[in-house]
Each structure stands twice: as C-alpha cells, then as structure tokens.
Amino acid sequence: MMDFYAGLDVSLEATNICVVDGDGKIIREVKLDTDPDAIELFLAEWGIHLKRVGLEAFSYSAWLFTALAEKGLPVTCIETRHAKAALNAMLNKTDRNDAKGIAQMMRTGWFRAVHVKSEGAQTLRALPVGRKALLGKVLDMENMIRGLLRPFGLKVRAAGNRGETSS
C-alpha cells in the first residue's frame, strides 16, 4: 500500500491543498475554504492512506490543527522559518506552489514539527494576555488625559494614587 502526503497552505479565507504520492508525484490539488470539514472531506473522499498532512505554523494554525487532528488526520504543524527557507528556494512563489512544497516536505521528512498547545492551554493563556492588554490601554488613556490637561495647569494624580503615604 502506497503512502500519500498532503501539504496545506492556509490563509484566513482559503486553503490550497496538494497531495503527493511516495514518489513525489502530484496526485490532486485544490483550493478550498479554510474549513476543517471541507478539508477532511477532500482528503478522505478517495480512501487513500495519508501518512502526513502538513501545515505551516501561524496564528490560525492551532485551531485548524486541533480540528483536523480530532477528525483523525495525521496532521503536523511545521516551523515557519524552516518552511519559509525551503519554500523561498522555489522560483515561482504562489500559494499553490507553497502547498506543493509543504507536501514534498512531508514526503521527505525535511521539516521541523512544532508543538501545538491544547485548547485549554490556549484559553488559560488568553485570559492574562487579555487582562494585560486591557490594563495597558487604561494606563495609556490616563496618561493621554493627564497630558491634555497639563497645558491648562491642571494636575491629575495617577489612578490608585490617593495621596496616602505608606509607613
């Protein structure tokens, strides 16, 4: 039984997919919406044995990686700088050719896999990151208001500073 390899070049709107066989021959190519169900249907509809499905790491990757892995696809998220170096060697850089290049990387094993955090870990990380961003915006607003009032001789104390002294 021959193994097959798929490369996905993912963007927010569309995903280019290329499937190659063990010899590197292109078997199928398509451009689909970036939807895990559509991608799984395309990859599963002809009953081939996919050994690896690769996609480049970027902000959308964790969601798509998790969704495809839950569908039972042997998905691998690859290191961006390594993939970029390999894909930039191609003469005609297009999304379609990037998908071909990623498929060939999956076939040859010439890639670095990256760890994709679980959805729970991503959720836990999102909370403190969101809080830090919100606090930064509040501080920026306070400083802007203070700066606008200073030319008029008005002084506004920093929030939280109520004039108390510590002993």
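Tutor: Happy to! Strand 5 is covered on both faces: Val75 and Cys77 on one side, and Thr76 and Ile78 on the other, are all buried (under 20% relative accessible area, exposed being over 50% and partly exposed in between, with a 1.4 Å probe and protein chains only). In general, side chains of a regular strand alternate between the two faces of the sheet. Please keep in mind that this is a predicted model, where local features need pLDDT of at least 70 and side-chain atom pairs count only at pLDDT 80 or more, while totals for chains, interfaces and linings use all residues. Residues are numbered from 1 along each chain as its sequence is written, and side-chain values use heavy atoms, without hydrogens and water.

Five strands make an open, mixed sheet in the order 3-2-1-4-5 (helices, H or I of at least four residues, and strands, E of at least two, are DSSP runs numbered from the N terminus). Strand 5 (75-78) and strand 3 (26-33) are the edges; each has a single partner strand, so one side of each lacks a neighbour in the sheet. On average, neighbouring strands are turned by 20° against each other, direction ignored.

The partner of strand 5 is strand 4, joined to it in the parallel sense over four bridges (pairing takes at least two DSSP bridges). Glu56 sits opposite Ile78 there.

Contact means heavy atoms within 4.5 Å, and angles run from 0 to 180 degrees between N-to-C directions of axes fitted to C-alpha atoms, for helices over the stretch in contact. Helix 4 (residues 95-108) lies across strands 1, 2, 3, 4 and 5, at about 140° to strand 1.

The largest nonpolar core has 21 residues, and Leu8, Ile17, Ile39 and Leu43 have the most contacts inside it (such a core is a set of buried Ala, Val, Leu, Ile, Met, Phe, Trp, Tyr and Cys residues joined through side-chain atoms within 4.5 Å). Strand 5 is one of the elements giving two or more residues to this core, along with strand 1, strand 2, helix 1 (36-44), strand 4 and helix 2. A second, separate core of 13 residues includes Leu87, Met105, Met106 and Phe111.

Finally, follow the chain out of the strand. Glu79 is in the loop between strand 5 and helix 3 (80-88), and it is buried, at 15% relative accessible area. Its side chain makes a polar contact of 3.1 Å with the side chain of Arg81 (a pair of N or O atoms within 3.5 Å, one able to donate a hydrogen and the other to accept it within protein, where sequence-adjacent residues count only if both atoms are side-chain atoms). Leaving out residues up to four places away in sequence, Glu79 touches Arg112 and Val114.
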